Amino acid sequence: MYIDVMQEGDLDALVALFNETRAVTTGLPSTALTPQEFLIQIEGEATFLAKIDEKIVAFISIWVPDNFIHHLFVKPKHHGAGLGSALIRYVEDRFGRPLHLKCGQSNIKAIAFYESQGWVAGSVEIGPDGAYVNYTLPV
C-alpha cells in the first residue's frame with residue numbers, strides 16, 4: 001500500500017469507490033454522485049489516495065484551513081486492514097494536530113473506529129442527513 005495525491009486521471013475510480021462505500025454505510029445517503037458532483041464535494045480540499053497494486057482502495061480529503069477531514073472512505077473489502085489509520089496518520093504528519101471531523105451518529109462502525117484511534121467526541125448536531133458527532137484528534 002502506498003499513499004498518493006489525487007490526480008485528474010483518478011477521478012472515475014475515486015467516484016466509484018465513494019459511491020460503492022456510501023451505498024453500504026449506515027447513516028450516509030446512498031444516492032450515487034456523478035464525477036462533477038463529487039468534484040464539488042472536494043473542491044478546495046487536499047485529497048490523498050491509498051493504493052494497492054495501482055488500484056485506489058481508500059481516500060481522505062481535508063479542508064486544510066480548518067484541519068477538517070471531510071471524507072475518509074475505505075472500500076468495504078479492505079475494512080480493518082489499517083488503511084483508514086494510515087491515511088489519518090498521513091494527513092496528521094503533513095498538517096499537524098488538532099484534526100477535526102464529523103461522523104453520522106448512526107454510523108456505529110465509524111464511531112468505534114475513530115474512538116479506538118484516540119478521537120474525542122464533542123457536540124452532537126443535526127444536519128441534512130441527520131444527527132452527527134463532532135470529533136477532534138487533540139494535540
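Pro98 is placed in the loop between H3 and S5. Helices (H or I, at least four residues) and strands (E, at least two) are DSSP runs, numbered from the N terminus. The peptide bond from Arg97 to Pro98 is cis, with omega near 0°. The model is a predicted one, in which local features need pLDDT of at least 70, side-chain atom pairs count only at pLDDT 80 or more, and totals for chains, interfaces and linings use all residues. Residues are numbered from 1 along each chain as its sequence is written, and side-chain values use heavy atoms, with hydrogens and water left out.

Most residues other than glycine have a negative phi, and most peptide bonds are trans. Glu54 has a phi near 70°, a positive value in a residue other than glycine. Glu54 is found in the loop between S2 and S3. Glu54 counts as exposed, because its relative accessibility is 59%. The cut-offs are under 20% relative accessible area for buried and over 50% for exposed, with partly exposed in between (1.4 Å probe, protein chains only). Asn67 also has a positive phi, near 50°. Asn67 sits in the loop between S3 and S4. Asn67 is buried, because its relative accessible area is 12%.

Another loop residue is His78, placed between S4 and H3. His78 counts as buried, because its relative accessibility is 18%. Contact here means heavy atoms within 4.5 Å. With neighbours within four places in sequence left aside, His78 is in contact with Ile52, Val57 and Leu83.

The interior comes next. A nonpolar core is a set of buried Ala, Val, Leu, Ile, Met, Phe, Trp, Tyr and Cys residues joined through side-chain atoms within 4.5 Å. The largest such core has 24 residues. Ile60, Ile69, Ile88, Leu99, Tyr114 and Trp119 touch the most other members. Seen by element, two or more residues come from each of strands S2 (46–52), S3 (55–63), S4 (68–74), S5 (99–104) and S7 (130–137). Helices H3 (83–95) and H4 (108–116) also give two or more residues each. A second, separate core holds 13 residues, including Val15, Phe18, Phe38 and Leu49. Ile60 shows the packing in detail. Leaving aside neighbours within four places in sequence, Ile60 is in contact with Ala46, Thr47, Phe48, Ile69, His71, Leu72, Leu87, Ile88 and Val91.

Helix H1 covers residues 11–23. The expected span of a helix is 1.5 Å times one less than its number of residues. The 13 residues of H1 should therefore span 18 Å, and the end C-alpha atoms are 18 Å apart, which agrees. The buried residues of H1 are Leu11, Leu14, Val15, Leu17, Phe18, Asn19, Thr21 and Arg22. An α-helix has 3.6 residues a turn, so residues three or four places apart point the same way. The buried residues of H1 pack against helix H2 (35–42), S2, S3 and S4.

Aromatic rings were then examined. Rings of Phe, Tyr and Trp (its six-membered ring) pair if their centres lie within 6.5 Å; planes under 30 degrees apart count as stacked, over 60 as edge-to-face and the rest as tilted. The count comes to 10 aromatic pairs. One of them is stacked: Phe59 and Phe73 lie 5.6 Å apart centre to centre, with 10° between the planes. Phe59 is in strand S3 and Phe73 in strand S4, so the pair ties together parts that are 14 residues apart in sequence. Both Phe59 and Phe73 are buried. Ring pairs also link Phe18, Phe38, Phe59 and Phe73 into a cluster.

A ring can also lie under a charge. The rule asks for NZ of Lys or CZ of Arg within 6 Å of the ring centre and within 35 degrees of the ring normal. The charged end of Lys102 sits over the ring of Tyr132, 4.4 Å from its centre. Tyr132 is also among the contacts of Gly104, together with Ile111 and Ala131, when neighbours within four places in sequence are left aside. Gly104 lies in strand S5. Gly104 counts as partly exposed, because its relative accessibility is 21%.

Pro29 lies in the loop between H1 and H2. At 25% relative accessibility, Pro29 counts as partly exposed. Pro29 touches Arg22 and Asp129, not counting residues up to four places away in sequence. The C-alpha atoms of Pro29 and Met6 are separated by 24 Å.
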